[in-house]
Amino acid sequence: RAKQWYQRRVRVMTGFKLNWMNLRDGDSGKVLWQGDDDLSSSEREHEARVPKKILKCKSVSREINFSSELEMKRFRLEQRVFFKGECLEEWFFEFGYVIPGSTNTWQNVIEAAASEQMIPSSVLNGNIVIENAFFDGNDEISRSRVRLFYV
């Protein structure tokens, strides 16, 4: 039974791909950043160059496009934001059921902290790492880290 569970987990992991992601101003819908690297790959720390004006948005909409070869019953994302190695924020997102052989787009809106609580981009630049852990239920599919640079 454990071997069968492990083999399925490996198949889900190898059949999962993050095709692209974008960040939009939550009010206007304007795309502020888009990347098409597979940010789910845990082989290295990724980098993203994001416009600093994103820190002035009241909310940010994140759109993720992903493909999965296998069915997932409870696809979800745990996201943690680290500043100089210390976890500042964490969010938990549920997508739910994923059809086998499908490509899906998933959008979430993230509300910004109050402007007086925002750290300036010059301090954040290169010091923010976002850890994304994707799961099917309690089974981890991938865990990756993206270092942000504000331009």
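Let's start with the largest pocket, which holds about 730 Å³ of space. Before I go on, the housekeeping: this is a predicted model, so local features need pLDDT of at least 70 and side-chain atom pairs count only at pLDDT 80 or more, while totals for chains, interfaces and linings use all residues. Residues are numbered from 1 along each chain as its sequence is written, and side-chain values use heavy atoms, with hydrogens and water left out.

What do I mean by a pocket? On a 1 Å grid over the protein atoms alone, a pocket is an open set of points with protein on both sides within 12 Å along at least five of seven lines; a cavity is a set where a 1.4 Å probe fits but cannot get out; and lining residues have an atom within 4 Å of a point. Points are joined across faces, edges and corners, and the volume is the space filled by probe spheres set on them.

So who lines the largest pocket? There are 30 residues, and Leu55, Val81, Glu89, Trp91 and Tyr150 lie nearest its centre. By class, that lining splits into 24 nonpolar, three polar and three charged. Nonpolar here is Ala, Val, Leu, Ile, Met, Phe, Trp, Tyr, Cys and Pro; charged is Asp, Glu, Lys and Arg; the others, Gly among them, are polar. Among the strands that each supply at least two lining residues are strand 1 (16–25), strand 4 (59–68), strand 5 (72–83), strand 6 (86–98), strand 7 (102–111) and strand 8 (128–136). Strands are DSSP runs of E, at least two residues, numbered from the N terminus.

The second largest pocket has a volume of about 220 Å³. It is lined by 13 residues, and Leu55, Lys56, Cys57, Ser115 and Met118 are the closest to its centre. Its lining divides into eight nonpolar, two polar and three charged.

Four strands form an open sheet in the order 2-1-4-7, with antiparallel pairing; to count as paired, two strands need at least two DSSP bridges between them. Strand 2 (31–35) and strand 7 stand at the edges with a single partner strand each, so one side of each has no neighbour in the sheet. Strand 1 and strand 2 are joined by four bridges, and there Asn22 has Gln34 as its bridge partner.

Now strand 5. Of its 12 residues, 10 are buried, so strand 5 is largely enclosed by the rest of the structure. Buried means under 20% relative accessible area, exposed over 50%, and partly exposed in between, with a 1.4 Å probe and protein chains only. Strand 5 pairs antiparallel with strand 6 over 10 bridges, and Glu78 stands opposite Phe92. In their hairpin, with two residues between the strands, Lys84 takes a positive phi near 50 degrees. Strand 5 also pairs antiparallel with strand 8, over nine bridges, where Arg80 is bridged to Glu131.

Last bit: rings. Rings of Phe, Tyr and Trp (its six-membered ring) pair if their centres lie within 6.5 Å; planes under 30 degrees apart are stacked, over 60 edge-to-face, and the rest tilted. That rule gives nine aromatic pairs. Phe75 and Phe134 have ring centres 5.7 Å apart and planes at 5 degrees, so that pair is stacked. Phe75 sits in strand 5 and Phe134 in strand 8, so the pair ties together parts 59 residues apart in sequence. Both Phe75 and Phe134 are buried.

Phe95 and Trp106 are edge-to-face, 5.3 Å centre to centre with 70 degrees between the planes. Is each one buried or partly exposed? Phe95, at 25% relative accessibility, is partly exposed, whereas Trp106, at 6%, is buried. And to finish, Phe16, Phe66, Phe75, Phe95, Trp106 and Phe134 form one aromatic cluster.
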